Amino acid sequence: MTTKHLNAMLLFLLLGVTAFAQESNTNAYPLQADVQTLDGILKAYYDVISGPGGQPRDWERDTSLHHPDALISITGKDKNKNPYISTQKLSEYHKSFGVPKKGFWEYEISRETQTFGNITHVWSTYETKEEKNGPVTQRGINSIQLYHDGTRWWILSWMFDSERTDNPIPKKYQ
């Protein structure tokens, strides 16, 4: 093989690797806008779960928001009105959520934030809708724990409970 052919092959290989790296970086998570500020990570937290029925959610983006050891807890009352809690890893939550048959949009309507050092707790009141601009179908409160590692925000855990007749959302959280 001649030096000219070798140089051409190396140039072709270098251009291919560069193009691949640029394409990979275009879709790389986390998105900086998602993890640089509390507002950014909370916006992304609600964005990733929302969408029309039959559409898979962007679990890769959601995973990039959460610390690798994140814990998800779902609370409420069963049909006999007994309290329950279900805890799971993020990947288990993604699997259980699946691809919803109906649309599901979740919006933050109120927030209370407490920060000390590199930890933050957010009490985030939400409402859900089955249509993006449709009527409210549910409300509740997300309790979200976050950590700033000096470079970015991480969601460490979250849990929620839904509003019910016996569990109305207090005015101060609306």
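**Exercises on a predicted model**

Residues are numbered from 1 along each chain as its sequence is written, and side-chain values use heavy atoms, with hydrogens and water left out.

**Exercise 1.** Describe the overall confidence and make-up of the protein.

*Solution.* Begin with confidence: the mean pLDDT is 89, and 84% of the residues reach 70 or more. Next, take the elements, which are DSSP runs numbered from the N terminus (helices H or I of at least four residues, strands E of at least two); the protein has five helices and six strands, and from the N terminus on they follow the order α-α-α-α-β-β-α-β-β-β-β. Finally, 36% of the 174 residues count as buried, where buried means under 20% relative accessible area, exposed over 50%, and partly exposed in between (1.4 Å probe, protein chains only).

**Exercise 2.** Work out in which order the six strands form their sheet, and which strands stand at its edges.

*Solution.* Two strands pair if DSSP finds at least two bridges between them. On that basis the six strands make an open sheet of mixed pairing, ordered E2-E1-E6-E5-E4-E3. Strand E2 (83-89) and strand E3 (105-116) are at the edges with a single partner strand each, so one side of each is left without a neighbour in the sheet. From one strand to the next the twist averages 20°, with axes taken as lines fitted to C-alpha atoms (for helices over the stretch in contact) and angles running from 0 to 180 degrees between N-to-C directions.

**Exercise 3.** Follow the pairing of E3 with E4 through to the turn, and then find the helix that packs on the sheet there.

*Solution.* E3 and strand E4 (residues 119-129) run antiparallel and are joined by eleven bridges. Within this pairing, Arg 111 has Ser 124 in E4 as its bridge partner, and Gln 114 has His 121 in E4. The two strands form a hairpin with two residues between them, and Gly 117 in the turn has a positive phi of about 60°. Helix H3 (residues 38-49) packs on the sheet, where it touches E3, E4, E5 and strand E6 (153-162), and its direction makes about 150° with that of E3.

**Exercise 4.** Is Ile 144 buried or exposed, and which residues is it in contact with?

*Solution.* First locate the residue: Ile 144 belongs to strand E5 (residues 136-148). Its relative accessible area is 0%, and therefore Ile 144 is buried. Leaving aside neighbours within four places in sequence, its contacts include Leu 42, Tyr 45, Thr 120, Val 122, Ile 155 and Trp 158. As for one of these, Ile 144 and Val 122 are 22 residues apart in sequence, whereas their C-alpha atoms are 5.1 Å apart in space.

**Exercise 5.** Identify the backbone features at Pro 30 and Lys 81.

*Solution.* As background, most residues other than glycine have a negative phi, and most peptide bonds are trans. The peptide bond from Tyr 29 to Pro 30 is cis, with omega near 5°, and Pro 30 lies in the loop between helix H1 (3-26) and helix H2 (32-35). Lys 81 is a residue other than glycine with a positive phi, near 65°; Lys 81 is placed in the loop between E1 and E2, and with a relative accessible area of 60% Lys 81 is exposed.

Notes: This is a predicted model: local features need pLDDT of at least 70, side-chain atom pairs count only at pLDDT 80 or more; totals for chains, interfaces and linings use all residues. Contact means heavy atoms within 4.5 Å. pLDDT is the predictor's confidence in each residue, from 0 to 100.
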